[in-house]
Amino acid sequence: MAQPDLNRPALPGQAELQSFARVAAHLLAERQVRAPGMRTVKRRAGVGVQHLDHRDYAPGDEVRHIDWRQTARRQRPIVRQFESETVSDWVVMLDQSSSMAVHGAAKWQAAASGAAAMCYALLELGHRVGLLAFGRGVRAECRRGRGRNHYAAVVRTLGGLRPALAGEPSDLGGCARRLHGDASVVVFSDFLGHDEMRRDLAALLERCTSLHALQVGHAAETRLDAAGDVDLVDVETGARLGAHADAGAAAAADAERAAMTRRLRSFCERSGIAFTAWDVQRPWQQTLIEHLARARDVC
Amino acid sequence: MLSFATPTWLLGLLLVPVIRWLHRGGPRLRTVPVSSLALWRKAATPGPAAGARRPPDPAWRRRALLAALLSVALAGPRLAVPVGRVTLWVDDSLSMLTRESGGTRLETGLATVARELSSAGRSDVEVRTLGNPWQARAGLTPEVVAVLVKEAGQREPAPPPAGLRLADRQHWLLTDGADPRLTGPDAGAMYARVFRLGEATRNVGVVRLAARRSLREPDRLDVELQVRNGGDVVEERVALLESGSGEVARWPLRLEPGASVSRSAVAPSSAGLRVVLQSRDALEADDTLALDAQTLAARRVAVDARCPAAILAALRTHPALRPAGVAAPAELAVECGASVGTAAVPRIRFALDQVPEALDGPWTWSSNVGAAQRRRIEGLPLRAAGRLAPRADGDSQLLAVGGTPLIVRRRTGGAPLIETALDPESRGGVDRPAAPLLVALLVDEALSASLLDAVAVVERDAQSVMVAPRADPGVVTTSVGRQVTQSRDGTRPLLVAALLVLLWELAALLLRWRRERVDAEAWSR
């Protein structure tokens, strides 16, 4: 079994985040909220009159929004950001169960990177963003906030998270009760709980404005680094199963994993949940941008 | 056939079913953590049916094998294996050269053994002789037979040494049985087969011929010979003593069975003497005996003309010396002030440069000088007539009196040089001149030989002329030979096998321990 790297997750760098945020801004700014209970929220970065913040100039920005005083001081073009009339609250939920820690914690690393990028992009657009890590219950929470300073708080929260190697199941439904007020929710999880956690997603959908589900998966999940008769142990429940490890078993596990994804995707389509199955071998930028583009039609 | 030294240890085999019972719980499977068991439902192995048992841990076979190997090894298994290798011991005594109807006993016997080996299909054969047991020859080939016949009779046979009585070989013996020492209870017990041959029982042989210088006639030798009847009937022979100049003496002999007779004669000095028995018998090799008398020939001595008359007289009366002129090649030089010999020739040098004076003080002899010679010299009223140079490195002092060296052996790098300061003209009385005994001592030291006591002898073992076999001829297979198998100890191979299985078990345990440690570390985080 590979040793999981459970140290501080290697979060994306500033350049990567800015690049992703610029693309994500276009996908998020023109989004039409269609979910039930839709309402206008405040303090969203966009076109408005209330000055909100500054940021670096990017091609396509209005020249008239350049803050020449700040540009002269920082020796690079800086534009003013104004408070949008349609800002909203977002909560990023991160699965910290033991199943995220297997196979070198690759799923955990990818999910943490994706969560950090989503938080950054949303904060850049002026949204209030909160972070919630869940396992058997809520394991960590960064309350909603806005601005770059809040991103630093998000990063500090992420840096302190370490999934348990064993005995930590996922209870997403239980965490739904911790959501207060209207917010859009993004869930990063492998959804390897009972019933692919569809019941939990349904409960969560009742309490949020819109729901995004990113199923984090790893090809190694359906491989066993052993041959012959083995004693399989579920890292979350501790349940044991005698099995015979060979190529046929791996193929059957692949098929079962695909079936689980298929059932989850079907459920999300029926429920209006933006769903993406993410193999961690793919870059997080590509996965998140494709998800946001798909979400414009779903949510 | 398998047997055990301590079969009680075989009770340890009862551990095998116990080990099997202890492993009834099945193998200890490797634990593999997975993210969800739901993915692996189709790979699940069915559990044992109702009433059925789980297959035991396969490791029980390895552990049971280890216990079984140790139990059997401790029981001391002995396996009877056929003995295929043969060592042929050949009695190469003189009697084996006795001529029978079909040739000598040795030739006939070797042919018989060769046929027997061929018919028995024995190919791994080594041949040793009782006279030279440490030399082994592979196979009984014609070349080996020729060498054995050529070298027979040259050494005294003896029973095989204990170090060569190897238990993993069959030992065969070819003998005529004339020498009871070779087939005695001690040696005979080792032989699986004994080939006895020989029918001739009559033989007379010369067993000794000796010669020494005649004290009364310096140019003649006193000779003695001994003849023995090795047969079992009264024999009559004529013994001829011959020298280089022809027949010296002739004796008609009548010998009782087993009896010996001796005869003496005076023969002229000669380089060789020979005794021949006339009316030869089946064993011709012992009818003749030759003696090399070269060692008894007189040595030529070169003498310094300035030597006193006493020295010259002593040299002339010495039976083993013959004074020669200065120009003649000499084997010894005697100097009294002038040099008459080279460094390659042993020399005796007299220091006579002072007025003789009596010796005073205790006598100190070198241990190289014999006790008899010391007694002869110490009884003489010797005087010192000179002074020797101080002793140098490598010189050895043969005699000193009162701390004064009187006889010294000088180290010259060539032949010995004996220096003396004793007065050869010392006299204890008219009838006891000192020079002859003093000169004899010095000559013996210079030549490193005892010339006055020299005796030339050639003799053969009296047993060697005994040719009558002690038993009937034929091939005897002993109780040892009827044992076509030998017991081989199987403990060591079993212990080696048990050690290998133990290493196998330890390696398996080590691998499992490492695997479980990695899993435990991963789970403990």
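This is a predicted model: local features need pLDDT of at least 70, side-chain atom pairs count only at pLDDT 80 or more; totals for chains, interfaces and linings use all residues.
I started with how much of chain A is tucked away: 43% of its 299 residues are buried.

**Entry 1: chain A overall**

I counted the elements next, and chain A has 8 helices and 10 strands. Then I looked at its contacts between residues at least 6 apart in sequence, and found that 76% of them join residues at least 24 apart.

**Entry 2: the sheet inside chain A**

I went looking for a sheet and found an open one of 6 strands in chain A, in the order 5-4-3-6-7-10, with mixed pairing. Which strands stand at the edges? I got strand 5 (138–145) and strand 10 (274–279) of chain A. Each of them has a single partner strand, so one side of each is left without a neighbour in the sheet.

Strand 7 (residues 211–217) of chain A pairs with strand 10 of chain A in the parallel sense, over 6 bridges. Along that pairing I found Q215(A) opposite A277(A), which sits in strand 10 of chain A.

What packs on this sheet? I found helix 3 (residues 102–124) of chain A there, touching strand 3 (89–95), strand 4 (128–134), strand 6 (184–189) and strand 7 of chain A. Its direction makes about 175 degrees with that of strand 3 of chain A. I noted helix 4 (residues 148–159) of chain A too, which lies across strand 4 and strand 5 of chain A. Helix 4 of chain A runs at about 175 degrees to strand 5 of chain A.

**Entry 3: where A meets B**

How many residues of chain A are in contact with chain B? I got 30 residues of chain A, in contact with 21 residues of chain B. On the chain A side, strand 8, strand 9 and helix 7 (247–271) each supply at least two residues. Strand 8 of chain A gives the most, with 6 residues. I sorted the chain A side by class and got 18 nonpolar, 5 polar and 7 charged residues.

An open sheet of 3 strands has the order 9(A)-8(A)-2(B), with mixed pairing. Its edge strands are strand 9 (240–245) of chain A and strand 2 (30–34) of chain B, and each pairs on one side only. Neighbouring strands here are turned by 40 degrees against each other on average, direction ignored.

I followed the link between the chains next. Strand 8 (residues 228–234) of chain A and strand 2 of chain B run parallel and are joined by 5 bridges. In that pairing, D231(A) stands opposite T31(B). I also wrote down V233(A), whose bridge partner in strand 2 of chain B is P33(B).

**Entry 4: chain B overall**

Over to chain B, where I counted 10 helices and 30 strands. Of its 525 residues, 31% count as buried. Among its contacts between residues at least 6 apart in sequence, 72% join residues at least 24 apart.

I reminded myself what to write down for a helix pair: the angle between the axes and the distance between them.

I took helix 6 (residues 309–317) of chain B first. It packs with helix 8 (residues 435–447) of chain B at an angle of about 65 degrees, and the axes are 9 Å apart. That makes helix 6 of chain B roughly perpendicular to helix 8 of chain B. Their crossing is right-handed. From helix 6, I listed A310(B), I311(B), A313(B), A314(B), L315(B) and T317(B); they meet A435(B), P436(B) and V439(B) of helix 8. By class, this contact has 8 nonpolar, 1 polar and no charged residues.

Then I took helix 7 (residues 371–378) of chain B, which packs with helix 8 of chain B at about 150 degrees, with the axes 10 Å apart. Parallel or antiparallel? Helix 7 of chain B is roughly antiparallel to helix 8 of chain B. This crossing is left-handed. I found Q373(B), R376(B) and I377(B) of helix 7 making the contact with L437(B), L438(B) and L441(B) of helix 8. The residues of this contact divide into 4 nonpolar, 1 polar and 1 charged.

Key
Residues are numbered from 1 along each chain as its sequence is written. Chains are lettered from A and ligands numbered from 1 in the order in which they are written. Axes are lines fitted to C-alpha atoms, for helices over the stretch in contact, and angles run from 0 to 180 degrees between N-to-C directions. Helices (H or I, at least four residues) and strands (E, at least two) are DSSP runs, numbered from the N terminus. Angles under 35 degrees count as roughly parallel, over 145 as roughly antiparallel, 65 to 115 as roughly perpendicular and the rest as oblique. A crossing is left-handed if the near helix is turned anticlockwise from the far one by less than a right angle, and right-handed if clockwise. Two residues are in contact if their C-beta atoms, placed from the backbone, lie within 7 Å. Ala, Val, Leu, Ile, Met, Phe, Trp, Tyr, Cys and Pro count as nonpolar, Asp, Glu, Lys and Arg as charged, and the others, Gly among them, as polar. Two strands pair if DSSP finds at least two bridges between them. A residue is buried if 20 or more other C-beta atoms lie within 10 Å of its own, exposed if 12 or fewer, and partly exposed in between; C-beta atoms are placed from the backbone.
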